[in-house]
Amino acid sequence: GKGWKTENHGSSHAVGTAVKEESDESLRGQLPGAPSVFTMELSRTSLDTKWGFHWDPKEMLQRGVRILEKVGEGTLVESWNDVHPESPAKPGDELVKVNGVEGRDPIAEELRNLKVVCEFRRAERNHQASGQELPGASSSQKG
């Protein structure tokens, strides 16, 4: 049995670990949310014009983050979505930065400008939807 053991060790080292490490590597190479961050540039002529973001009040309260609950109809964000179908703002997306600024209150200040560059992080509904209740999924919540 001894010879068998070394033989097995040799082959598993050559094939098994190399392949395994490679697959781990490729998974880890994708930063969480790296491809799923998108930037939206909006501008308005008057401060009375609403951007059209509706933030989830619960997330705002509990975690101090802006999670998009819905997009207002006929607003600047909706027109952005029409023009940029490849990177639209969708419910569940998280606003990370505005004009390069992070944080709940600083972002609130920036959103009062006439021009904003909003950086969003995509909701990871495609990757890890299993077993995780998404904030926007009110229809699937029981109770």
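**Ground rules.** I worked from a predicted model, where local features need pLDDT of at least 70 and side-chain atom pairs count only at pLDDT 80 or more, while totals for chains, interfaces and linings use all residues. Numbering starts from 1 along each chain as its sequence is written, and side-chain values use heavy atoms, with hydrogens and water left out.

**Sheet.** I began with the strand order. I found 5 strands in an open sheet, ordered β1-β5-β4-β3-β2, with antiparallel pairing. Helices (H or I, at least four residues) and strands (E, at least two) are DSSP runs numbered from the N terminus, and two strands pair if DSSP finds at least two bridges between them. β1 and β2 are at the edges with a single partner strand each, so one side of each has no neighbour in the sheet. I noted an average twist of 45° from one strand to the next.

Next I went through some pairings. β2 and β3 run antiparallel and are joined by 3 bridges; Phe53 has Val71 in β3 as its bridge partner. β3 and β4, also antiparallel, pair over 2 bridges. There I looked up Ile67, whose bridge partner in β4 is Glu94, and Arg66, which stands opposite Leu95 in β4.

What packs on the sheet? It is α3, which touches β1, β2 and β3, and its direction makes about 125° with that of β1. Axes here are lines fitted to C-alpha atoms (for helices, over the stretch in contact), with angles from 0 to 180 degrees between N-to-C directions.

**Core.** The largest nonpolar core has 19 residues, and Met40, Phe53, Leu111 and Cys118 have the most contacts inside it. Such a core is a set of buried Ala, Val, Leu, Ile, Met, Phe, Trp, Tyr and Cys residues joined through side-chain atoms within 4.5 Å. Buried means under 20% relative accessible area, exposed over 50%, and partly exposed in between (1.4 Å probe, protein chains only). The elements giving two or more residues to this core are β1 (37–43), β2 (53–55), β3 (66–71), α3 (76–83), β4 (94–98) and β5 (115–121).

I then checked Leu111. Beyond its neighbours within four places in sequence, its contacts (heavy atoms within 4.5 Å) include Trp51, Phe53, Trp55, Val116 and Cys118. Arg44 and Arg66 are also among the contacts of Leu111.

**Asp93.** I looked this one up in the loop between α3 and β4. Is Asp93 buried or exposed? Asp93 is buried, at a relative accessible area of 0%. A polar atom of the Asp93 side chain lies 2.8 Å from the backbone nitrogen of Lys90.

**Salt bridges.** I have 6 in the structure, each being a side-chain nitrogen of Lys or Arg within 4 Å of a carboxyl oxygen of Asp or Glu. I wrote down three of them.

- Arg63 with Glu59: the closest N and O atoms are 2.8 Å apart. Arg63 and Glu59 are 4 residues apart in helix α2 (residues 57–63), so about one helical turn separates them. Arg63 is exposed at 51% relative accessible area, whereas Glu59 is buried at 11%.
- Glu109 with Arg112: the closest N and O atoms are again 2.8 Å apart. Glu109 is partly exposed at 48%, and Arg112 counts as exposed at 52%.
- Arg104 with Asp105: the closest N and O atoms are 3.8 Å apart. Arg104 is partly exposed at 38%, and Asp105 counts as exposed at 52%.

Key. A polar contact is a pair of N or O atoms within 3.5 Å; within protein, one must be able to donate a hydrogen and the other to accept it, and residues adjacent in sequence count only if both atoms are side-chain atoms.
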